[in-house]
Structures are given as structure tokens and as C-alpha cells.
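Take a look at the sequence and the structure below. Then follow the text from one part to the next, with the model open beside you.

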Amino acid sequence: MKQDNNINELIHQPTRLKIMALLSSLEEEIFVDFKFLLDELSLTEGNLSIHLQKLEAAEFIQIKKEFLNKKPKTFINITKNGRAEFENYLNELESIIKRK
Amino acid sequence: MDKSNAMEELNDLKKIMKSTSNKAMKSSGWFFILWGSIWIIGFSVGQFFNNFNIVWSILNIFGIITSIFLSKVLYGKNNKFIFPKILFKIFLISVGVIIFDIIIIWMFNLKTIQNITLLIILSTALCYFIIGVFNNNLLIILAILLVFFCIIGYIFFIKYLYLFAGVSCGSSLILTGVLILNKNETR
């Protein structure tokens with residue numbers, strides 16, 4: 001899903017862009033707690049879940065659910081696809097900046 | 001999207017990335033403080049007592065057990081960031097350094113404990129330098145400091161090498177740990 005300037009529209013959405021930036025700054029195998037994303041992005045659980053589902057459907061992130069002390073916990077990390085797509089996005093921004 | 005929007009967006013994204021990366025790396029500061037303390041105690045004791053090997057064996061076992069405990073507490077599933085393979089990675093790096101050191105000791109016929117001490121510090125510095133290139137500039141500075149102190153210790157303080165190395169290199173590790181823990185989060 002690309003729009004003008006070869007920018008990926010799915011990532012271009014401000015909240016999803018922040019999620020991708022946050023996840024891409026971590027090494028491949030590092031997972032982030034759902035609550036950390038909630039605090040960092042100041043979103044509601046529902047809102048964050050919807051954005052995560054969209055990114056997961058595009059295979060840009062993976063979501064892992066586990067039980068810890070009988071309570072469900074959700075962990076998220078970025079996939080290789082997601083990282084590559086986000087890097088393309090950053091490159092595209094840089095090429096827009098360099099254009100005369 | 002025009003140029004100024006792109007620039008603003010890129011800056012915002014870089015801030016988010018830097019801040020998150022700092023937060024994820026923050027707790028690694030405790031490992032530097034732990035091992036810095038072990039270096040200070042181990043080398044200082046080695047300077048004044050003859051039972052160097054026993055002291056180091058006890059300290060290393062204590063360090064390894066505490067590191068495993070710390071990694072469970074800091075990177076376990078109760079935390080914001082989960083590092084599933086962190087212990088395995090640390091183990092691999094440690095084994096790599098030990099094999100590297102054993103080969104050098106054998107090939108170059110290093111016999112004195114001074115030489116072996118310098119080798120251990122220098123190979124540790126090399127590790128920090130390589131990790132620092134990919135991760136954190138602070139580790140590059142730490143590596144340079146360790147090498148600098150090795151050279152100074154070798155030239156000027158060979159008689160008190162353990163004490164000098166322990167205090168200078170151990171303090172550098174602790175300082176790096178404190179700086180990592182207090183690293184400014186841009187957001």
C-alpha cells in the first residue's frame with residue numbers, strides 16, 4: 001500500500017509510525033511489553049490493539065501472548081519485513097529532504 | 001509531503017528511536033557496576049595476597065550467579081523489554097573470549113600473571129569496542145580507557161599492576177554502568 005513519494009500508507013499513519021519507530025530501534029529478538037507501548041504512546045488499550053492488529057496483518061510486527069502468574073501478557077516485536085519497510089520509509093523521508 | 005514536513009517527521013522518529021534504545025539498554029548498567037566491583041576487589045586482593053586464583057574463582061562464581069539472577073530480574077517476562085537470548089549471547093561472548101585468550105597464552109607462551117592480566121583486560125576492551133561500534137558509543141570510550149590504563153600500568157606501575165588495573169579499570173566499568181543507568185532519555 002503505497003501513496004505519493006513511494007511512502008507506505010500503512011506505516012505513514014502517525015500512531016503506527018511511532019509504533020514502528022519504537023520497535024525498530026530495538027534489536028531483532030527484543031520483545032516489548034504491551035503496557036510499555038501504552039505508556040509511551042499515551043493511547044487507550046483498544047486504540048493500540050487496532051493499530052497493532054493492522055501492523056500484524058501486514059506482517060510488520062509479531063504479537064506473542066503468554067500467561068504470567070495466571071495473568072495474560074502481550075509482547076510485541078518487529079519482523080524483518082517490518083524493519084525493512086520502516087527503513088524504506090526513513091530513506092524516502094531522507095530523499096524528500098534532499099530534493100531541491 | 002513537503003520537505004519541511006519530512007524533516008520534522010524524521011527528527012521526531014529519530015527522537016523516539018533514541019529514547020527507546022536508551023531505555024532498553026539502561027538496565028545493562030547494573031552488569032558493569034557488578035563486574036567493575038569484582039575487578040576492583042579481585043585485582044586489589046591479588047596485589048596484597050598470594051591466593052590470587054582462589055579469590056578470582058570465588059569472585060567469578062559469585063559474578064556469574066549474580067549476573068544470571070540480574071538478567072532474570074531485569075530482562076525476564078515481568079519487564080518492559082524482553083531479551084529471550086541474552087544469557088546465551090553473554091555465554092557465547094564469554095566462551096569466545098576465553099578460547100581467544102587461551103590460544104594467545106599458548107601461542108605466545110605467556111607465563112607471568114602480569115601478562116595474563118593485561119591480556120584479559122585487553123581482550124575485554126576489544127569486546128567492548130566491537131559491541132560499542134554497533135550499540136553504544138559509551139562502550140567505545142570504555143574500551144579506549146581500558147587500553148590506556150593497561151599501557152600506563154605496564155609502563156609505570158608494573159610492580160603494582162593488579163592494584164592499578166583493579167582500581168582504574170574497575171572504576172571505569174562502574175562509571176560506565178552509572179552513565180548508562182543515568183543516560184539522558186530524549187523524550
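**A walk through the model**

Tyr128(B) is found in helix α5 of chain B. Keep in mind that this is a predicted model. Is Tyr128(B) buried or exposed? Its relative accessible area is 16%. Buried means under 20%, so Tyr128(B) counts as buried. Now look for Leu146(B). Tyr128(B) and Leu146(B) are 18 residues apart along the chain, and their C-alpha atoms are separated by 9.7 Å.

Step back to chain B as a whole. Chain B has seven helices and one strand. Start at the N terminus and read the elements in order: α-α-α-β-α-α-α-α. The C-alpha trace of chain B spans about 70 × 35 × 30 Å along its principal axes. Chain B has 187 residues, and buried residues make up 41% of them.

Next comes the largest pocket. Its volume is about 2000 Å³. Which residues lie closest to its centre? They are Trp35(B), Ile90(B), Ile93(B), Ser94(B) and Tyr128(B). So the residue that opened this walk, Tyr128(B), returns here, buried at 16% and among the residues closest to the pocket centre. In total, 49 residues line the largest pocket. Five helices of chain B each supply at least two residues of this lining: α2, α3, α4 (86-107), α5 (113-134) and α7 (161-181). Which helix gives the most? That is α4(B), with 13 residues. The lining of the largest pocket divides into 34 nonpolar, nine polar and six charged residues.

Now turn to the aromatic rings. A search of the whole structure finds six aromatic pairs over all chains. One of them is formed by Trp39(B) and Phe43(B). This pair is edge-to-face, with 5.9 Å centre to centre and 80° between the planes. Why are Trp39(B) and Phe43(B) about one helical turn apart? Because they are four residues apart in helix α2 (residues 29-48) of chain B. Trp39(B) counts as buried because its relative accessibility is 9%. Phe43(B) is buried too, with a relative accessible area of 5%.

Phe43(B) also forms an aromatic pair with Trp56(B). This pair is edge-to-face as well, at 5.0 Å centre to centre and 70° between the planes. Phe43(B) lies in helix α2 of chain B, while Trp56(B) lies in helix α3 (residues 52-75) of chain B, so the pair ties together parts that are 13 residues apart in sequence. Both Phe43(B) and Trp56(B) are buried. Elsewhere in chain B, ring pairs link Phe148(B), Phe149(B), Phe157(B) and Phe164(B) into a cluster.

Move on to the strands. Four strands form an open sheet. In what order do they stand? The order is β2(A)-β3(A)-β1(A)-β1(B), and the pairing is antiparallel. The edge strands are β2 of chain A and β1 (81-82) of chain B, each of which pairs on one side only. In a regular strand, side chains alternate between the two faces of the sheet.

Strand β2 (residues 61-68) of chain A and strand β3 (residues 71-78) of chain A run antiparallel and are joined by eight bridges. Within this pairing, Gln62(A) stands opposite Asn77(A) in β3(A). The hairpin of β2(A) and β3(A) has two residues between the strands. In this hairpin, Asn69(A) takes a positive phi near 50°.

Strand β1 (residues 31-33) of chain A pairs with β1(B) over two bridges, in the antiparallel sense. Which residue of β1(B) is the bridge partner of Phe31(A)? The partner is Ile82(B). Phe31(A) has another contact to find. The charged end of Lys64(A) sits over the ring of Phe31(A), 4.2 Å from the ring centre.

End at Glu29(A). Glu29(A) lies in the loop between α2 (14-24) and β1 of chain A. With a relative accessible area of 17%, Glu29(A) is buried. Glu29(A) and Ile78(A) are 49 residues apart in sequence, and 8.5 Å apart in space from C-alpha to C-alpha.

Key: Residues numbered from 1 in each chain as written. Chains lettered and ligands numbered in written order. Heavy atoms only, no water. Pairing = 2+ DSSP bridges. Phe/Tyr/Trp six-rings, centres within 6.5 Å; stacked < 30°, edge-to-face > 60°. Buried < 20%, exposed > 50% of the residue type's maximum accessible area, 1.4 Å probe, protein only. Lys NZ or Arg CZ within 6 Å of the ring centre and 35° of its normal. 1 Å grid on protein atoms, 1.4 Å probe; cavity = no way out; pocket = protein on both sides within 12 Å on 5 of 7 lines; lining within 4 Å. Points joined across faces, edges and corners; volume = space filled by probe spheres on them. Nonpolar A, V, L, I, M, F, W, Y, C, P; charged D, E, K, R; others polar.
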